[in-house]
Structure formats: C-alpha cells, structure tokens
Amino acid sequence: MNLEELVNDKYDLLTANDREILTTVFRDKQSVKEMNSTQLASFLHVSRTTIVRLMKKLGIDSYQEFKLLLNRKEEEHTVYAYDLQDIVKEYHMMVDELKKHETFAGYGKCLFSDAKGWNCYLQLAPYMYIIGK
C-alpha cells in the first residue's frame, strides 16, 4: 500500500487541516521525499507534533514509515501472459461468429479484399460488434 491509498482509506478521519497538509505533500512529493520531519514541519508551517498526530491518524508509526509509503510506487498491475495460440483461436472464433451475421453495425456487408479476409477485418476492427443475437 502506498500513501495515497492509505489516505483514501482514512479520509473520513482527517480534518480540513490534515487534508491541506497532505495536498501540499502530494503536490511537492519530490521535495518532501528529501526532507526530515523538522524540515517538513517548517515547509508546511506546522509543528512536528501536528505531523506526528497526522501520521497516527493514518496508522503510521514513524516518520521513516511515512517516507517509505511516500516513496512506494503504486501497486504493480497484474501482468497477464497470453498464449499466442489462444489469441489466434479466440480471434478465429470471433471471425466465424461475424461470418454468421455478415453485418456490421452501420457498415452493411463486408466485402473481402483478399483471400483470407484480413484486410476487411483489420479495417473494421474498431467498429466490430455482432448484431442479431
């Protein structure tokens, strides 16, 4: 979890002053990453105690943990590995289904311009959806 996610989870517990502090922290994230707690307090025009109280509201135990959360990048998105054969199989199933209907919304019948019909499907790919079922 990063700091933004933590703040979103605890948002209802934060005062307007807490939210203003966090807005400034997120806006000047690069600068804040380099500061110690005294420098941050001075930068925000608040006391160190105010920062400690804010961290407690967020469930953060130390300034080091705060900086760790601030530096943590957003959660990595899951990377899906697709097998090319599965992709081709799904594509052919879609093409077969389209051939049954032979009509694309707003484009009438598709006239194939090459032996396999690839050119037609590639040209219409952004507009393809099946009508009739």
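These are my notebook entries on contacts and surface features looked up in this structure.

**Entry 1, the model.** I am working from a predicted model. I kept that in mind for each entry below.

I looked up the salt bridges and found a count of 3. I then went through the pairs one at a time.

I found Lys 29 in a salt bridge with Glu 4, where the closest N and O atoms are 2.8 Å apart. I placed Lys 29 in helix H3, residues 29–33, and Glu 4 in helix H1, residues 3–10, so this pair ties together parts that are 25 residues apart in sequence. I also checked the cover on Glu 4: its relative accessibility is 24%, so I noted Glu 4 as partly exposed.

I found a salt bridge between Lys 57 and Asp 18, and its closest N and O atoms are 2.5 Å apart. Lys 57 belongs to helix H5, residues 48–58, while Asp 18 belongs to helix H2, residues 16–27, so the pair ties together parts that are 39 residues apart in sequence. Lys 57 has 31% relative accessibility, so I listed Lys 57 as partly exposed.

I found the side chains of Arg 27 and Asp 28 meeting in a salt bridge, at 3.9 Å from N to O. I looked up the cover on each partner. Arg 27 has a relative accessible area of 58% and is exposed. Asp 28 has a relative accessible area of 24% and is partly exposed.

**Entry 6, rings.** I looked for aromatic pairs, and the count came to 1. I also looked for a charge over a ring. Arg 19 lies over the face of Tyr 11, and I noted 4.1 Å from the ring centre.

Which residues form a nonpolar patch on the surface? I found Leu 84, Ile 87 and Val 88, which together have about 270 Å² of accessible area. I followed up on Val 88 and placed it in helix H7, residues 84–101. Val 88 has 37%, so I recorded Val 88 as partly exposed.

Methods
Residues numbered from 1 in each chain as written. Predicted model: local features only at pLDDT ≥ 70, side-chain atom pairs only at ≥ 80, totals over all residues. Heavy atoms only, no water. Phe/Tyr/Trp six-rings, centres within 6.5 Å; stacked < 30°, edge-to-face > 60°. Lys NZ or Arg CZ within 6 Å of the ring centre and 35° of its normal. Patch = residues over 30% accessible without salt bridge, like charges linked within 9 Å, V, L, I, M, F, W, Y side chains within 5 Å. Areas by Shrake-Rupley, 256 points an atom, 1.4 Å probe, with all protein chains shown as cover. Salt bridge = Lys/Arg side-chain N within 4 Å of Asp/Glu carboxyl O. Helix = DSSP H or I, 4+ residues; strand = E, 2+ residues; numbered from the N terminus. Buried < 20%, exposed > 50% of the residue type's maximum accessible area, 1.4 Å probe, protein only.
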